[in-house]
Structure formats: C-alpha cells, structure tokens
Amino acid sequence: MQIGLVTLFPEMFSAITEHGISGRAIRSGLIELDYFNPRDFTADKHRTVDDKPFGGGPGMLMKTEPLLASIQAAKQALKARQLTGVPKVIYLSPQGRTLSQALIIELAQLDSMVMVCGRYQGIDSRVLASEIDEEISLGDFVISGGEIAAMALIDAMTRFQPGALGDAESAQQDSFSNGLLHSPEYTRPQSFAGQDVPKVLLSGDHEAIRLWRVKQSLGITWLKRPDLLQTMALDKEQEALLAQFIAEHKRQE
Ligand SMILES: C[S@@+](CC[C@H](N)C(=O)[O-])C[C@H]1O[C@@H](n2cnc3c(N)ncnc32)[C@H](O)[C@@H]1O
C-alpha cells in the first residue's frame, strides 16, 4: 500500500515508522509513506503556509496554493507509480465519516491513497470540494492537526496487510472485526490477586474453549457496548450462548 501524506509535520510520523508492527511493515515495504509538505510548495521567502479567513474570525487557515500544489504532487507521484487507478484522497477532519473497524477494513483493500492532514482551522472549502474524495474523522472531538488521525488510520490498516502481523488471524479476531468486542484474555500467573484463570482455558478442549470465547465475547459486548448487538443478526449458537451468559450474570448479581 502506498500512502502520500500531505503534512506540515512529516517528522511526527516517526511514531509509527520507527516502532512496533507499523514500523516493521514500513521497513519491509508492505506500506510505503511519502511526504508532501506544503511548505516545500511555497513561493515567498517566508515559506508561508497559513492565511487569514475571509470574513474575519479567530485563527488561520491553511494557505490555498501550497496546499493545492502539495495534494496534486502527491496524487501525481502515486499515479506515476501505479499502472491503473487514481488514488483516493482523504482529508482527516472532525466533520468526516467516523472511523470504524468496518471502514478500516474497506480502506485497507486500496493500493494507494493520499491523506491530507489539516492544521490551523482547517482548509478552504473549495479545496475540499475539488480535491478531497472523502473526509474521515477520529470521533466527535477536535485535535490540533490531522497527523495523529492519519497515524491511527495507517496503524489500523496495517493490521490488515497480509504479512504484517505474526499471526494473520489476530486482526480478524480483534474487537469489532466481527461486530463484537474481543473475549477476555489471560496470561501467567495462573492465580493472581485471588483470581484464577477460567478452568476451561486450561482444559485443552478446543471446542469448549471456542464456545467459551464466543460466549464471553457476546457477554462483554452486551455489558459494555449493547448498541453493537442491536444492529447484529446473531445465529442460533450465538443467541443461545448470549442467553446463557445473561442468565449466569443475573444469578451473580
Ligand atoms: C483545529 S482542527 C480544525 C477544526 C475545525 N475548525 C472544525 O471545527 O471543524 C485542525 C485540523 O485537525 C484535524 N482534526 C481535528 N479533529 C479531527 C478529528 N476528530 N478527526 C480527524 N482529524 C481531525 C483536521 O485535519 C483539521 O483540519
């Protein structure tokens, strides 16, 4: 996957390029990042990248010409390296579609994309209309720039690149991948703070462990995020396991 990043702060991306699973995926070439800094596309001696909003008001906007030039350079660079297809251009924005695991899985299938990281009070609406294919938000809150949102998106998509994870199945089992939260997990020691690891996990009985995990995953979702269950069609096995979990939970109350 090739990603062109339009950003005033390319150095911020060392957080994902130098560490962990994303760092390994980038070093091995599974993900390629290229940076397009609007500051490199300025024509004045101060290399100005901000400008006042028409109509007044607090704050500045990203200056239009360097922003446009950097987005177009990112698109051109990606197009030149691809045989087909036009890269999708994403603007990280609090006004966009909220990032979800379903959206990550959809975007992770793309070969290339441009991510525009806003700064100041954001970008000119005409740049939005002419250059951006989709706005994507981290959630209903405002951060100071799009870089952290872009890094979250890249890191999450990395988990779905074949070969990026030691165990390819682990991304499929992550919370939200199947619409549910992940079941609880335990590691050593077997007894800790007066609590033991559930016996079934020590039993070696793979089918019993599978059923326990499905039941816990349904139950944890029911307890913590009941909204997720409302939009899901459970199969017969899941319905029965959730009913068991709820009955056991009520008995313990
Ligand atoms: C201070 S914010 C601008 C917010 C803008 N004035 C508004 O209220 O919609 C600066 C930049 O941070 C990024 N940003 C802020 N919140 C975000 C969020 N929830 N998700 C993704 N990007 C965000 C965007 O790229 C935005 O252009």
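## Ligand site in a predicted model

A nitrogen atom of the ligand is 3.3 Å from a polar backbone atom of S93. That value comes from a predicted model.

| Residue | Protein atom | Ligand atom | Distance |
|---|---|---|---|
| S93 | polar backbone atom | nitrogen | 3.3 Å |

How much of the ligand does the protein cover? On its own, the ligand has 580 Å² of accessible area, and the protein covers 86% of this. The ligand sits in the largest pocket.

**The shell**

Around the ligand stand 20 residues. Y91, L92, Q121, L138 and F141 come nearest.

What kinds of residue form the shell? Ten are nonpolar and ten are polar. No charged residue takes part.

Which strand gives the most to the shell? It is β5, with five residues. This strand spans 88–98. β7, at 134–137, also supplies at least two residues of the shell.

**The chain as a whole**

The chain has a domain 1, covering 2–158, and a domain 2, covering 178–252. Taken over C-alpha atoms, the centres of domain 1 and domain 2 are separated by 39 Å.

Notes:
Residues numbered from 1 in each chain as written. Predicted model: local features only at pLDDT ≥ 70, side-chain atom pairs only at ≥ 80, totals over all residues. Heavy atoms only, no water. Domains from an automatic or database assignment. Near = heavy atom within 4 Å. Polar contact = N/O pair within 3.5 Å; in protein donor to acceptor, adjacent residues only side chain to side chain. Areas by Shrake-Rupley, 256 points an atom, 1.4 Å probe, with all protein chains shown as cover. 1 Å grid on protein atoms, 1.4 Å probe; cavity = no way out; pocket = protein on both sides within 12 Å on 5 of 7 lines; lining within 4 Å. Sits in = over half its atoms within 2 Å of the grid points. Helix = DSSP H or I, 4+ residues; strand = E, 2+ residues; numbered from the N terminus. Nonpolar A, V, L, I, M, F, W, Y, C, P; charged D, E, K, R; others polar.
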